[in-house]
Amino acid sequence: MGKPTGFLEYERQNSEEIAPLERIQNFDEFHIPLSKEKQQLQGARCMECGVPFCQSGMMLGGMASGCPLHNLIPEWNDLVYHGNWEQAFKRLKKTSSFPEFTSRVCPALCEAACTCGLNGDAVATKENERAIIETAYEKGWAEAKPVKVRTGKKVAVIGSGPAGLAAADQLNQRGHEVTVYERNDRVGGLLMYGIPNMKLDKKVIDRKISIMKEEGITFVTGTNVGKDVKADKLKKEYDAVILACGASNPRDIKAPGRDANGIYFAVDFLTANTKSLLDSNFADKKYIECKDKNVIVIGGGDTGNDCVGTAVRHGAKSVVQVEMMPPLPNCRAESNPWPEWPRVLKTDYGQEEAIAVYGHDPRIYETTVKEFIKNKQGNLTKVKLVKLAWEKDEQSGRMQMKEIEGSEKEYPADLVLIAAGFLGSQEYVTKAFGVEQNARTNVATEPGQYKTNVENVFTAGDMHRGQSLVVWAIHEGREAAREVDEYLMGYTNLE
């Protein structure tokens, strides 16, 4: 259990970060890992609680508490403390398909549920995870392990995001012949183009994909299934098909002037930025220019923050981030007790960088767009924002946000980035395969299952559950793989 008194003797210590004004000069990752010795002391803080909430993955208060993958966290924290890195890697890989991804982009649901966090600082589990997987690569433990026996069954996975990759990895290890189809030019889905490079270096993705190729998985890029390839052809050629195409319909903002030039969805902005970076280090100029522009980001989530960080790096004149909701409290409210996910105010890396550059927090709370204002040429020049307030609706009795009359204010804007989330799966894919959708336009299945209404067609990830976290997508991919394996073989031994 680490060290019985470790949580009393050692304080939590995180990796160092390169200062904001320095790190915005490039798109590189900016965390400097602890030494092995210091990281092992972080493992010592884990108490191996009688009830390890960190690995529970329960739903409490409508949000996850603990790791949805049910990672064996106390076990590998203890192994880190004792310096047994190889065994720690083996225990981590029992449940986690891609710790090299989750240790960078997961919001650490495990740490939010850590018992140490009840009266102090949680165990640094996320950074312990990163130390384990990077040590495994350094020592050669994470190298390719090709399958020796094949089942003769063929599976097509449509989409190479975290859900599709997790399903493909599991099914390939089982011995099935797996082909992954990706409509973009690079493998990775939202991992590749939806998350900026400074948050997840694309070399980390390429490193893992190379291993998966060595292990026998075939990747077909630049192929849009449902358009370039007929769904019926895949259903005939493969014993099973998994749809893992994500929740790809961005939520729009309906306001006068929406047709102005200079308004983009965040996913298009981030995709163009990363593609230009990888293709030419921005020399091709095929990205959405921010330099010396007034940028307004609509949306307060992770994607909005990524847009802020990207705009700052490109030298935006100003950045404003608009959030409909009021700011969260600095500490847990009484109605939000541990081990629920803490609904508290977080200032993320992009906001930190904006504060360093512009001298103030870019976020404006309880505000929405009233109008996009354009000039005679149709180019965006300003955005009219209006403040919101919670009011009780007399008919339904529910609390609703309504505009505050007379609170309108105009902000200069050359570029608007809409980061308001996603609404569900894309219709051309679901229609091509003939799968049913639920009211939220996600692919419908029986509760807790992944098989669709169409024979031999399954689904997983955001396309199935709606927009969610990378760790949930990996969980879905692994669970769908189990169901597909049982469908193909009559039983499954996948974990």
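Predicted model: local features only at pLDDT ≥ 70, side-chain atom pairs only at ≥ 80, totals over all residues.
## Strands that pair

Two strands count as paired if DSSP finds at least two bridges between them. With that in hand, look at strand β5 (residues 154–158) and strand β8 (residues 240–243): they run parallel and are joined by 4 bridges.

β5 and β8 belong to an open sheet of 5 strands, ordered β7-β6-β5-β8-β18, and its pairing is parallel. At the edges you will find β7 (218–220) and β18 (457–459), each of which pairs on one side only. From one strand to the next, the twist averages 20°. As background, strands of a sheet pair through backbone hydrogen bonds, either parallel or antiparallel.

A helix also belongs in this picture. Helix α18 lies across β5, β8 and β18, and runs at about 160° to β18.

## Helix α18 meets helix α9

Which helix packs with α18 (residues 470–489) at an angle of about 40°? The partner is α9 (residues 162–174), and the two axes are 7 Å apart. Their crossing is right-handed.

You can trace this contact residue by residue. From α9 come P162, A163, A166, A167, Q170, L171 and R174, while α18 brings V470, A473, I474, G477, R478, A481, V484, D485 and M489. Sorted by type, the residues of this contact are 11 nonpolar, 2 polar and 3 charged.

## A look at helix α13

Helix α13 (residues 266–280) has 15 residues, and its first and last C-alpha atoms are 21 Å apart, close to the 21 Å expected at 1.5 Å a residue. Its buried residues are A266, F269, L270, A272, N273, T274, S276 and L277. What covers them includes α10 (190–193), α11 (202–214), β9 (263–265), α14 (302–313) and β17 (415–418). Just after the helix, N281 takes a positive phi of about 55°.

How many of the 12 residues of α14 are buried? The count is 10, so α14 is largely enclosed by the rest of the structure. Among them are G304, C307, T310 and A311. The buried residues of α14 pack against α2 (20–23), α13, β10, β11, α15 and β17. The end C-alpha atoms of α14 are 17 Å apart, which agrees with the 16 Å that 12 residues should span at 1.5 Å a residue. Just after α14, G315 takes a positive phi of about 80°.

α14 and α15 pack at an angle of about 35°, with their axes 7 Å apart, and their crossing is left-handed. α14 contributes N305, D306, V308, G309, V312 and R313 to the contact, and α15 contributes Y349, G350, Q351, E353, A354, V357 and Y358. By type, these residues divide into 6 nonpolar, 4 polar and 3 charged.

## A proline in a loop

Find P339 in the loop between β11 and α15 (349–358). Is P339 buried or exposed? With a relative accessible area of 12%, P339 is buried, because the cut-off for buried is under 20%. Leaving out residues up to four places away in sequence, P339 touches F53, L60, S65, A112 and A113.

## An antiparallel hairpin

For a last stop, turn to strand β13 (residues 367–374) and strand β14 (residues 380–392), which pair in the antiparallel sense over 7 bridges. In this pair, T367 stands opposite K387 in β14. The hairpin has 5 residues between the strands, and G378 takes a positive phi near 85° there.

Key. Residues numbered from 1 in each chain as written. Heavy atoms only, no water. Axes fitted to C-alpha atoms, helices over the stretch in contact; angles between N-to-C directions. Helix = DSSP H or I, 4+ residues; strand = E, 2+ residues; numbered from the N terminus. Left-handed = near helix turned anticlockwise from the far one by under 90°. Contact = heavy atoms within 4.5 Å. Nonpolar A, V, L, I, M, F, W, Y, C, P; charged D, E, K, R; others polar. Expected span 1.5 Å × (residues − 1). Buried < 20%, exposed > 50% of the residue type's maximum accessible area, 1.4 Å probe, protein only.
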